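Let's take a walk through this protein model together. Keep the picture open as you read, and find each residue as it comes up.

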There are 2 protein chains.
Amino acid sequence: MAEPHQEEQQVYSISLNKELAKRLQTAGARAAMTPEAILEPALKQYLSREGPGDAVYLSAPAQAMMKGIYKETATIGEVKRHGDFGLGTFNDLDGEMVLLDGVAYQIRTDGQACVVGDEVQTPFACATFFNPASVEKIDWELDNQEFKAFLERIIPSENMFYGIRIDGTFSELKMWSVSKQPDHQPITEVRPTMFTFCDVDGTLAGFYTPKFIKALSMPGFHFHFLTGDRRHGGHLKEATPRDVRISLQFISRLELDLPTTFDFMTTDLV
Amino acid sequence: MAEPHQEEQQVYSISLNKELAKRLQTAGARAAMTPEAILEPALKQYLSREGPGDAVYLSAPAQAMMKGIYKETATIGEVKRHGDFGLGTFNDLDGEMVLLDGVAYQIRTDGQACVVGDEVQTPFACATFFNPASVEKIDWELDNQEFKAFLERIIPSENMFYGIRIDGTFSELKMWSVSKQPDHQPITEVRPTMFTFCDVDGTLAGFYTPKFIKALSMPGFHFHFLTGDRRHGGHLKEATPRDVRISLQFISRLELDLPTTFDFMTTDLV
């Protein structure tokens, strides 16, 4: 094929494994394009995004879980495609989920954390590629109320999403986790197990969600915790940070998947 | 670099124009990756999508417009990047917007439609790449109530989004449009202008939005109309279709941009 503008073109080559090459060929056949012709729109789409970290991804609207839909077909592997940082739970509400540095942890009611595989399913998860815009350092003790007030001060608008990661030492952390709920009662009737960590170092991973879209995610601040050794954690109830670094990411884009399971499709979510 | 699995790899080459090559290099530099190394994740991301038509894109949450935020920086050009089919309005509520077959129209209170440029701004728009999964034909007259009941019957779940395009002849269409609202009063106080079309052919373009996320888009069915000659239209109030084809697209993904304007960031949206 003649390439009249070759002097202005630059050629790159890409080496794909069999599976990806096959997917590329299938997509090409479907779109009646050569595999090479698909690479350009793929690249344009990729580069047109503001880069990783620009979106909060929700695997389902939180409202469905609130109405007792505790099983979905979304997997941790799918969630990881949309972020390396996040929160959530597992099918049947089997513990709290934290996704930190690309690794997903399950925290059961004994506060112990373990790494979970990509095949594990979740009825609700929230993730982003963490990429903070600002970092605040606090090297004095804040009680829980001062901690909350501090967080409220550092977010410029309540109508935006934020990813928030807090690393450091905490004088006290009141936590909870939930155990498997096979009877799928409304979430308001689920009794979480409470526990407390004292003088602990670790990481709070969380999000701020604008309150006007509470049907989609937990409104306001929502944190899960993992200890420094990544062996314990839970859902944060109250925190008394002592020496921490707060990293804040502004997120102005939301991506939401609506499950297509029978339960989701047929439940009254209003 | 040695490539031990070369026998399982397939090599494709891509020829990029200067501008795209430069963007690729910049993105590579930022991510500390070679330009070639970026092509693979770009391709994976592209192939992992179910293709165009899988998402409803909202340029802003509808709630902001409900609270009187009538000016935003999103443009029709930006909206078109996310779809060739859609609805919306213009800054200052200057008429109804319909996006049909990739062309955006503005419909003022006299019911006349004109094509608008990509630079025009919108406080709220909703778009998708229209790709229907099913088509229903109705060649008898339905009154407005029967029409609504028919639409309710063909959507399998009220918890999903749908893109709906209805082409054909209508015995009657009661419409409205709005005029410029420079004083930004709450939308509930805006008085639209009503008008009626009789024995008209054209296209209704619209969406169904699950009611539990009414903060984000117009809940339930929401249609705008364009005549066959694309010269008149409006916001649908009531329809009496006589001979129409209803094309329905199931959409299980939402993409929402949160505006970053001062007004949006500082308004109480709850």
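Start with one term: a salt bridge is a side-chain nitrogen of Lys or Arg within 4 Å of a carboxyl oxygen of Asp or Glu. Before we use it, some ground rules: this is a predicted model, where local features need pLDDT of at least 70, side-chain atom pairs count only at pLDDT 80 or more, and totals for chains, interfaces and linings use all residues. Residues are numbered from 1 along each chain as its sequence is written, chains are lettered from A and ligands numbered from 1 in the order in which they are written, and side-chain values use heavy atoms, with hydrogens and water left out.

Now put the term to work. Over all chains, the count comes to 26 salt bridges, and 4 salt bridges are counted between chain B and chain A. Take D257(B) and R253(A), whose side chains meet in a salt bridge with N to O at 2.9 Å. This pair crosses between chains, running from strand β13 (residues 253–257) of chain B to strand β13 (residues 253–257) of chain A. Strands here are DSSP runs (E, at least two residues), helices are DSSP runs too (H or I, at least four), and both are numbered from the N terminus.

Are these two partners buried or exposed? Buried means under 20% relative accessible area, exposed means over 50%, and partly exposed is in between (1.4 Å probe, protein chains only). D257(B) has a relative accessible area of 16%, so it is buried. R253(A) is buried as well, with a value of 8%.

Next, look at R253(B). Its side chain meets that of E255(A) in a salt bridge, again 2.9 Å from N to O, and this pair also crosses between chains, from β13 of chain B to β13 of chain A. R253(B) is buried at 7% relative accessible area, and E255(A) counts as buried at 6%. R253(B) also forms a salt bridge with D257(A), where the closest N and O atoms are 2.8 Å apart. Put together, R253(A), E255(A), D257(A), R253(B), E255(B) and D257(B) are linked in a network of salt bridges.

The contact (heavy atoms within 4.5 Å) takes 64 residues from chain B and 64 residues from chain A. About 6,000 Å² is buried between the two chains, with carbon and sulfur atoms giving 61% of that area; buried area is the accessible area (1.4 Å probe) that two parts lose on being put together, summed over both.

How are the two copies related? A rotation of 180 degrees, with 0.6 Å of shift along its axis, superposes chain B on chain A with an RMSD of 0.7 Å. In chain B, the C-alpha nearest the axis belongs to S13(B), 1.4 Å from it. The same surface serves both copies, as 100% of the contact residues of chain B recur in chain A.

Finally, look within one chain. The side chains of D94(B) and R108(B) meet in a salt bridge at 3.5 Å, N to O. The two residues are 14 residues apart and link distant parts of the chain. D94(B) is buried at 15%, whereas R108(B) is partly exposed at 39%.

How values were computed
Copies are superposed by least squares on the C-alpha atoms of residues with pLDDT of at least 70 in both.
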